[in-house]
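Me: Let's look at this protein together. I'll ask, you answer.

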Amino acid sequence: MQLKFAENNGLASNHASHDLLVLDEDASSLFHNQMQMFAHASNSDNAFVYLISEKQFLSVGNSTHIETLDFEALLQHILTLNSSFVILDKQINDIYTQDKPIVLALTSHENNSPLALIGSKLDHTNKPISKQTIEMLKLIASQFEIENRLRQKVIQTRELDERHMQISELNQDYICVKDINHHIVYANQAMLDTFPVKFRPMILGSTSFEYYEPEISAQMIDSDLQALKDGLYSKNQHMIFANGEEKILHVTKKAFSASDGNTYLMSVSRDVTEKEILINDLKRSNSDLDNFAYVASHDLRSPLNVIKRLVSWVAEDCADILPPDSKDNLELTLNRVARMEKLLVDLLSYSRIGKDYQESSKTNLRELVVELLSLLDLPMGFVVNCDNVDIHVPVVPFNVVMLNLVSNAIKHHDSGNAKIQIKAKVTKRASIISIEDNGPGIAEKNKERIFQLFETLKPRDEVEGSGMGLSVVKKIVEHYGGSIKVSDNLPRGTKFEINWPITNLARPILANVNK
């Protein structure tokens with residue numbers, strides 16, 4: 001018998017046309033053998049297989065009668081019979097045009113979905129099929145089911161391998177696989193692109209060490225050997241590629257055993273050049289800020305203390321002889337020195353924000369606010385209301401934030417009917433705290449400006465302050481992964497809203513940067 005495939009343009013049929021089925025050699029051999037056995041056992045000169053998901057069929061032997069079959073109708077009919085093996089011995093709904101019996105086996109149910117039909121169309125019309133023959137046909141169908149399942153798994157595995165290969169080829173990381181002798185057996189396109197064009201066809205099968213500078217090759221060999229010895233290697237490396245490009249790579253190498261029994265090395269290198277440069281710049285900036293903080297706390301404050309003492313001595317020693325204007329000038333000088341000293345203290349505190357983290361804990365907001373108010377000079381008639389709710393925050397930084405916001409509201413209030421309302425709600429991810437007052441409010445154009453360093457909306461002679469309070473607030477909140485925004489508290493006043501997350505995504509990253 002010869003294995004027949006459907007033609008490209010389909011076979012003649014009353015109800016269906018069938019596209020070309022393309023099978024590899026092993027699958028063709030598999031189906032050929034199964035159909036030959038089925039035809040022989042049913043004493044027929046033909047047999048066929050219909051692959052349901054692919055809507056394809058093939059046959060052996062005399063296919064004249066098979067070409068008239070409507071396989072979809074056959075499938076639907078056999079499903080209504082609720083049986084995996086049937087003998088159709090009469091014409092049913094024009095499924096076939098000639099009155100000849102059909103032996104059908106529905107195979108390979110997977111997730112209640114049939115995968116294939118195997119059957120034959122008999123030439124005899126009267127001779128019954130023996131029970132022994134039926135059992136034999138069922139056995140052949142069962143074997144076909146097993147083989148077809150294996151074929152499906154092979155197809156799925158092949159498709160999965162193709163997807164993995166596509167992922168590897170599209171990946172911008174530099175990926176390669178080596179054997180234990182450092183020969184490259186696979187390299188993705190990104191890896192191949194690191195070599196000059198003329199060398200790329202020669203990379204597979206070579207060690208590629210000859211294309212690198214000696215110290216780079218030695219570094220690669222050492223990391224290969226370490227990965228083969230320990231099973232895993234993962235470090236940053238300075239790399240000069242064969243095409244002359246210079247990068248910082250995070251190199252991960254892992255040894256593994258393949259199905260052929262050999263040990264191989266998977267290498268994945270990620271370009272972290274920009275990241276490492278930014279981290280190093282940030283570390284240098286932090287170091288410069290530390291140096292500035294030292295200067296601010298020692299070198300600048302020392303002469304201020306000297307000026308403060310000298311002016312105080314002059315004011316005391318000459319109190320009886322100085323005219324009122326001179327006394328006012330000395331007082332003004334002391335006032336400016338005190339303001340400068342406070343500015344330096346605030347700058348020092350600001351520079352230290354971000355150096356470390358305090359763990360969050362459950363804190364009662366009302367109790368915390370009551371404690372803060374004891375540190376402030378609350379004017380008569382000033383009312384502060386606060387929700388009695390537990391929030392999850394780091395206590396000390398949160399105290400600094402609240403102290404600045406509440407003292408700002410007190411400092412800038414302009415009426416006798418002063419009121420501050422502090423509210424909070426807790427979500428699954430954050431504590432949201434709002435501080436509302438009925439003061440003069442903040443003009444729209446100043447709502448971003450207030451968070452900048454040294455900014456005050458009123459002259460410092462009217463309202464004492466370094467202009468750093470809200471800058472400190474913003475920096476602390478953002479350091480802990482939160483946010484702060486300001487809006488109008490209609491009909492009059494200002495509303496600050498803080499979103500303080502329970503967990504901070506940036507914390508482990510920044511902790512690593514600050515090492």
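Me: Which residue caps the N-terminal end of H9?

Reply: This is a predicted model, in which local features need pLDDT of at least 70, side-chain atom pairs count only at pLDDT 80 or more, and totals for chains, interfaces and linings use all residues. Residues are numbered from 1 along each chain as its sequence is written, and side-chain values use heavy atoms, leaving out hydrogens and water. Helices are DSSP runs of H or I with at least four residues, strands are E runs of at least two, and both are numbered from the N terminus. A side-chain oxygen lies 3.1 Å from the backbone nitrogen of Arg-366, and it belongs to the cap, Asn-364.

Me: Which residues of H9 are buried?

Reply: Buried means under 20% relative accessible area, exposed over 50%, partly exposed in between (1.4 Å probe, protein chains only). H9 spans residues 365–373. On its other side, Glu-367, Val-370 and Glu-371 are exposed. The buried ones are Leu-365, Leu-368, Val-369 and Leu-372.

Me: Within what arc do the buried residues of H9 fall?

Reply: An α-helix has 3.6 residues a turn, so residues three or four places apart point the same way. The arc is taken from the directions from the helix axis to the C-beta atoms. The buried residues of H9 line one face of the helix, so their arc is 95 degrees.

Me: Is Leu-310 buried or partly exposed?

Reply: Leu-310 lies in helix H7, residues 301–317. Its relative accessible area is 45%. That makes Leu-310 partly exposed.

Terms used
Polar contact = N/O pair within 3.5 Å; in protein donor to acceptor, adjacent residues only side chain to side chain.
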